[in-house]
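Please keep the sequence and the structure in view while reading.

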Amino acid sequence: MKIHHLNCGSFCALGHPVLNRLLPKLDQFNLVCHCLLIESNSGLILVDTGLGLKDIRNQERFKSNFVFNHLARPKLDVEETAFMQIIKKGFNPKDVKHIIATHFDSDHIGGIADFPDAVVHVLKDEWDAAHNPHNPKEKFRYSPIRWEANPFFETYTTQGDSWKGLGKAQGLKGITDPIYMVSLPGHTRGHSGVVIEDESNIFFTGDAFLLEAQLLEKSYAKPVEIYNQLGHVNPVEAEETLKKIRTIHQQDPQLVILSSHDQGLYKKALAMEKGRK
Ligand SMILES: [Zn+2]
């Protein structure tokens, strides 16, 4: 397998110049939307898609999402879409056979409409939350326009098997490579992480945490924690999930733990990718 790291959506989080000045150790507060493009035996696989062409060309589609528009504040640049970056890398977007979605927030599945032939893999709890929201936090974050153009979905439960103490889905249909989905609930009901068990040794944790400082329990990460909690459906469950990720990190420091929006982790991953060429 070969893994490419893509930024499929830069953000200008509300107040980031102030936060960067007040918290200089967190100068990565200019957020990215880190996605993985994997060249595999099962064709091209995307782990999350970032923002999509349709969203960027029709910004009305974000209208109802207050947090997204007013707190995250996406840059909305067509050149940052997975679709355009895949073409620039010399691939055909039609060769994207699978999309693994950590969760159904707009900044993670905005691009799935650009790959209507790909099979989208998601945990069943997330599928259920998106189709049958239990509370206002769930109701207002999901928008069917993001996935209704895609006919192929596979859903998974994570009972019965585990990876380092996290519930693990039993294989992904049509994917023969060592790539697994694990349960990381809290940010959303069925939020997942993706484990890649090859020499890259990656554990992609989506929005389970925002910045690496939270993973390392740096005291200056507290304001980030509060900022981060605004976006969680279940902050208590999210904290439990983060504790488990911290334990995994302590027990296996060689594991490359990535999050979706930390610019610093994204740059480290890019450097790793270049080192491997
Ligand atoms: Zn996100």
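**From a loop into the sheet**

Glycine 171 is found in the loop between strand S8 (166-167) and S9; helices (H or I, at least four residues) and strands (E, at least two) are DSSP runs, numbered from the N terminus. The model is a predicted one, in which local features need pLDDT of at least 70 and side-chain atom pairs count only at pLDDT 80 or more, whereas totals for chains, interfaces and linings use all residues. Residues are numbered from 1 along each chain as its sequence is written.

Glycine 171 is partly exposed, with 14 other C-beta atoms within 10 Å. By this criterion a residue is buried if 20 or more other C-beta atoms lie within 10 Å of its own, exposed if 12 or fewer, and partly exposed in between, with C-beta atoms placed from the backbone. Glycine 171 lies ten residues from methionine 181 in sequence, and their C-alpha atoms are 8.0 Å apart.

The largest nonpolar core has 70 residues, and Cys35, Val47, Ile99 and Met181 are the ones that touch the most other members. Such a core is a set of buried Ala, Val, Leu, Ile, Met, Phe, Trp, Tyr and Cys residues joined through C-beta atoms within 7 Å. Leaving aside residues up to four places away in sequence, methionine 181 touches Ile100, His121, Leu123, Tyr156, Ala169, Leu172, Ser192 and Val194; contact requires C-beta atoms, placed from the backbone, within 7 Å.

Which strands make up the open sheet, and in what order? Four strands form it in the order S9-S10-S11-S12, with mixed pairing; two strands pair if DSSP finds at least two bridges between them. Strand S9 (179-183) and S12 are at the edges with a single partner strand each, so one side of each has no neighbour in the sheet. S9 and S10 run antiparallel and are joined by five bridges, and valine 182 stands opposite glycine 193 in S10.

In strand S10 (residues 192-196), five of the five residues are buried, so the strand is largely enclosed by the rest of the structure. Ser192, Val194 and Ile196 point one way from S10, while Gly193 and Val195 point the other way. S10 is also antiparallel to S11, through three bridges, and valine 195 has phenylalanine 203 in S11 as its bridge partner. The two strands form a hairpin with five residues between them, and asparagine 201 in the turn has a positive phi of about 55°. Strand S11 (residues 202-204) runs parallel to S12, to which three bridges join it; here isoleucine 202 stands opposite valine 256.

S12 also meets a helix. The buried residues of H11 pack against strand S1 (2-7), strand S2 (34-40), helix H8 (212-215) and strand S12 (256-258). These buried residues are Leu265, Tyr266 and Ala269. Seen down the axis of H11, they fall within an arc of 100°, so they line one face of the helix; the arc is that of the directions from the helix axis to the C-beta atoms. An α-helix has 3.6 residues a turn, so residues three or four places apart point the same way. The face of H11 turned away from its buried side carries the exposed residues Ala271, Lys274 and Gly275.

Across the whole protein chain there are eleven helices and twelve strands. Of its 277 residues, 46% count as buried.

Methods. Two residues are in contact if their C-beta atoms, placed from the backbone, lie within 7 Å.
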